[in-house]
Amino acid sequence: MRTIAHLPLCAAIALGVIGASHASEEAQGDKLRVVVFGAHCDDPETGAGGLIALLADSGHEVIVGYATCFRGDRKFFGQPEAMVRRREATAACKVMGATPKFFDYAHEHLTADPPTVQAIAAWLDEVKPDIVVTHWPFDTHPNHHAVSSLVWQCYDRRGDWSLYCFEVMTDQQSLGFKPDLYLDIGRVREIKREASYCHKSQNPDGFWPVHEAMHGRRGSESGVECAEAYYLVEAKKGCPLLPVDFLPKVDAKP
Ligand SMILES: [Zn+2]
């Protein structure tokens, strides 16, 4: 059985039934299928690489969706971008213990129009995830925004899974992110770093420090050294929550 009946998380917390960190207890014994859906190769890794590594390490199945792998006829290292980016993402997924799924949309043609919603929804219907994690919708990059909209429309139409959002390069790309869940990624930080550094074409020495600063910022908000942050859009009735021990936000020190 893949589903676990429970109250929506916010309601459960409000009623004192569970704390924000009790998702793992609810899912105990179940191996879940989680889709982490990003726009570009490197978004799921940098936004949710710690979560992916922790889920995989616990025996859960993680499928990483990449909506777009190329722009026009751009090349890296003398090879077509799609070839390079898929190869890098495949290596990153291997490091994290996940399975990649690549879509063929070009950056410049990725929109949240009805045919694309239909294509993504058909894939999700086939995969039957328990949980989907995707981009926070307010983002300066149109591909991130489009993917968030695509996943939201799939969820709103027929998704029978819980929906969460991750952040990427907050205040440069994700804007106004309001996390309600924090994840200590200290134990898997090096796995996340190694997965991120698989993306040589994206200059990891340039983007990794930005994410390290985010880890520190979210860590300080949750009382640990190094954390990722998430937003639970809705805990759909009958669907499990992410089976990890989330931390709440701690009060700022005086
Ligand atoms: Zn991106």
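This is a predicted model: local features need pLDDT of at least 70, side-chain atom pairs count only at pLDDT 80 or more; totals for chains, interfaces and linings use all residues.
Against which elements do the buried residues of H4 pack?

View A. The buried residues of H4 pack against H3, E2, strand E3 (75-76), strand E4 (79-80), E5 and helix H7 (189-196). In H4, the buried positions are Glu81, Val84, Arg85, Glu88, Ala89, Ala92, Cys93, Val95 and Met96. These residues lie on the same side of H4, because the arc that they cover around the axis is only 165°.

**View B. Span and end of helix H4 (residues 81-96).** With 16 residues at 1.5 Å a residue, H4 should span 22 Å, and the 22 Å between its end C-alpha atoms agrees with this value. Gly97, which follows H4, has a positive phi, near 85°.

**View C. The open sheet of seven strands.** The strand order is E5-E2-E1-E6-E7-E9-E8, with mixed pairing. Strand E5 (99-106) and strand E8 (181-184) form the edges, each pairing on one side only. From one strand to the next, the twist averages 25°.

**View D. Pairing of strands E1 and E2.** Seven bridges join strand E1 (residues 33-40) to strand E2 (residues 61-70) in the parallel sense. Opposite Gly38 stands Tyr66 in E2.

**View E. Helices H3 and H6 on the strands.** Helix H3 (residues 43-57) packs on the sheet and touches E1, E2, strand E6 (131-135), strand E7 (162-166), E8 and strand E9 (227-234). The direction of H3 makes about 165° with that of E1. Helix H6 (residues 142-158) lies across E1, E2, E6 and E7 and runs at about 150° to E6.

How values were computed. Residues are numbered from 1 along each chain as its sequence is written. Two strands pair if DSSP finds at least two bridges between them. Helices (H or I, at least four residues) and strands (E, at least two) are DSSP runs, numbered from the N terminus. Axes are lines fitted to C-alpha atoms, for helices over the stretch in contact, and angles run from 0 to 180 degrees between N-to-C directions. Two residues are in contact if their C-beta atoms, placed from the backbone, lie within 7 Å. The expected span of a helix is 1.5 Å times one less than its number of residues. A residue is buried if 20 or more other C-beta atoms lie within 10 Å of its own, exposed if 12 or fewer, and partly exposed in between; C-beta atoms are placed from the backbone. The arc is that of the directions from the helix axis to the C-beta atoms.
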